[in-house]
Amino acid sequence: MWWWLFVKLRVMVMGVMIKPSDLYYRYPRKKENRELPKFSGKPDSNPFDRNDMYEVIPVFEKVMDALNTTEMDVLHRMEEVMNNEVPAFVHTREEMYDCLLMVMQGLLGSETTEVH
């Protein structure tokens, strides 16, 4: 059981860390954007690319941090929401974060403190 404590401690200190293999959907890796700064919290008015793994993962990590969960089911449901339910007019990283957080809070029936 010591490994579980280590995982929980790492999550508390470092936040949720998502690997590409954790994702249900496969996203292209736009290598030209790989080294650019990623979403680290609000405010962030940079454009969000739903089709770039390097953009998607940091937003998912922050939403899961705010939801205080590491559950794979939550991650996969969040992917479904982003890919099938979030309107096309959601353009920025901040808008995507806010939208996903609000929808997931509603689905999970939880209230969280927002991570900035």
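Predicted model: local features only at pLDDT ≥ 70, side-chain atom pairs only at ≥ 80, totals over all residues.
Local features need pLDDT of at least 70 and side-chain atom pairs count only at pLDDT 80 or more, while totals for chains, interfaces and linings use all residues. Residues are numbered from 1 along each chain as its sequence is written, and side-chain values use heavy atoms, with hydrogens and water left out.

**View 1. Tyrosine 24 pairs with tyrosine 25.** The ring centres are 5.2 Å apart and the planes stand at 90°, so this pair is edge-to-face. Planes under 30 degrees apart count as stacked, over 60 as edge-to-face and the rest as tilted. Tyrosine 24 has 55% relative accessibility and counts as exposed. Tyrosine 25, at 26%, counts as partly exposed. The cut-offs for relative accessible area are under 20% for buried, over 50% for exposed and in between for partly exposed (1.4 Å probe, protein chains only).

**View 2. Phenylalanine 39 pairs with tyrosine 97.** This pair is tilted, at 5.4 Å centre to centre and 35° between the planes. Phenylalanine 39 lies in the loop between α1 (2–14) and α2, and tyrosine 97 lies in helix α4, so the pair ties together parts 58 residues apart in sequence. Helices (H or I, at least four residues) are DSSP runs, numbered from the N terminus. Phenylalanine 39 is buried at 6% relative accessibility. Tyrosine 97 is buried too, with a relative accessible area of 0%.

**View 3. Helix α3 spans residues 72–84.** This helix has 13 residues and reaches 18 Å from its first C-alpha to its last. That is close to the expected 18 Å, which is 1.5 Å times one less than the number of residues. The buried residues of α3 are Val74, Leu75, Met78, Glu79, Val81 and Met82. They cover an arc of only 160° around the axis, which puts them on the same side of α3. The arc is that of the directions from the helix axis to the C-beta atoms. Exposed Asp73 and Asn84 sit on the face turned away from the buried side. The cover over the buried residues includes α2 (53–67) and α4 (93–108), with contact meaning heavy atoms within 4.5 Å.

**View 4. Asparagine 68 sits in the loop between α2 and α3.** Its relative accessible area is 72%, so asparagine 68 is exposed. The C-alpha atoms of asparagine 68 and glycine 15 are separated by 9.1 Å. Along the chain, these two residues are 53 residues apart.

Terms used. Helix = DSSP H or I, 4+ residues; strand = E, 2+ residues; numbered from the N terminus. Phe/Tyr/Trp six-rings, centres within 6.5 Å; stacked < 30°, edge-to-face > 60°.
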